[in-house]
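Here is a short briefing on one protein model.

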Amino acid sequence: YTVQWKVVSGELHGFLFEGLDKLRMGGFSRDSYALDSRGNRYGLEFSPERNGYVVLLANGAGVASGTVTYVFWFPTDFAKAGYLAPTVTDKGEARRVFHWAPNEWDEAPRQDHYTLKVLLPHAVPPGEDPRAYVVKNGLILTERRMNERYKLDYQRGPNDRLRFVVHMDRPPNNYHFESQFYLPAGWFTAGGAPVPFAPSSGPPGVAWFVLAALGVFVLFLLV
């Protein structure tokens, strides 16, 4: 997760992170950190609270003005949680459905945007435009509501892996940022693990969406 807060009064130390639902965490990464708008970097501390965790700047640090961007991540298994599951299309094609929504934010009435980036276990061939490649081969099928509500993009990620981007400008408070899309079953084993693949060596892609201030995006890797 990458979450940016703007300090409007007092001193900001942290926030409550909850709403993981069925996801089971393997512990927060020790490399998690925060950056304020002056370029100061902070470690992060995590403590269990209610149905989530309190995310705090380490050593009692606080920020009295500007913005603070929190960057933290943790291992989890979407297949075991039931968010990545086998299914079959109306035409009898075997697929894997990814049906999940990241956290809802209850103190974000002026949220700038919400962006979900999913790094997929499939390499985009050299010289191929990711969007044209996906459309030409019918690789990713999305529910109609996703096309109506969100901006969707396909990018070349690290090691040429296909990256699917779901973006919404100015979501309302407590917005349920639900995604539901269908991937080729051949990208995964019967247990839901990605099938090993050999990355290509094509040029890096260009991101379509620039993350602005007061924004939040969540990046999950299917590895």
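The notes below start with confidence and then move to the fold.

This is a predicted model: local features need pLDDT of at least 70, side-chain atom pairs count only at pLDDT 80 or more, and totals for chains, interfaces and linings use all residues. Residues are numbered from 1 along each chain as its sequence is written, and side-chain values use heavy atoms, without hydrogens and water.

**Confidence**
- The protein chain averages a pLDDT of 85 (the predictor's confidence in each residue, from 0 to 100).
- A score of at least 70 is reached by 85% of the residues.
- Over residues 197–217, pLDDT stays under 50.
- Residues 219–223 also have pLDDT under 50.
- Where pLDDT is low, predicted coordinates should not be read in detail.

**Sheet**
- Four strands form an open sheet in the order E7-E8-E13-E10, with antiparallel pairing (strands are DSSP runs of at least two residues, numbered from the N terminus; a pair needs at least two bridges found by DSSP).
- Strands E7 (84–88) and E10 (141–142) stand at the edges with a single partner strand each, so one side of each has no neighbour in the sheet.
- Six bridges join E8 (residues 94–100) to E13 (residues 179–184) in the antiparallel sense.
- His99 stands opposite Gln180 in E13.

**Buried site**
- Asp153 lies in strand E11 (residues 151–156).
- Asp153 has a relative accessible area of 0%, so it is buried (under 20% relative accessible area, 1.4 Å probe, protein chains only).

**Core**
- The largest nonpolar core has 52 residues (buried Ala, Val, Leu, Ile, Met, Phe, Trp, Tyr and Cys joined through side-chain atoms within 4.5 Å).
- Phe17, Tyr70 and Ile140 have the most contacts inside this core (contact: heavy atoms within 4.5 Å).

Conventions. Buried means under 20% relative accessible area, exposed over 50%, partly exposed in between (1.4 Å probe, protein chains only).
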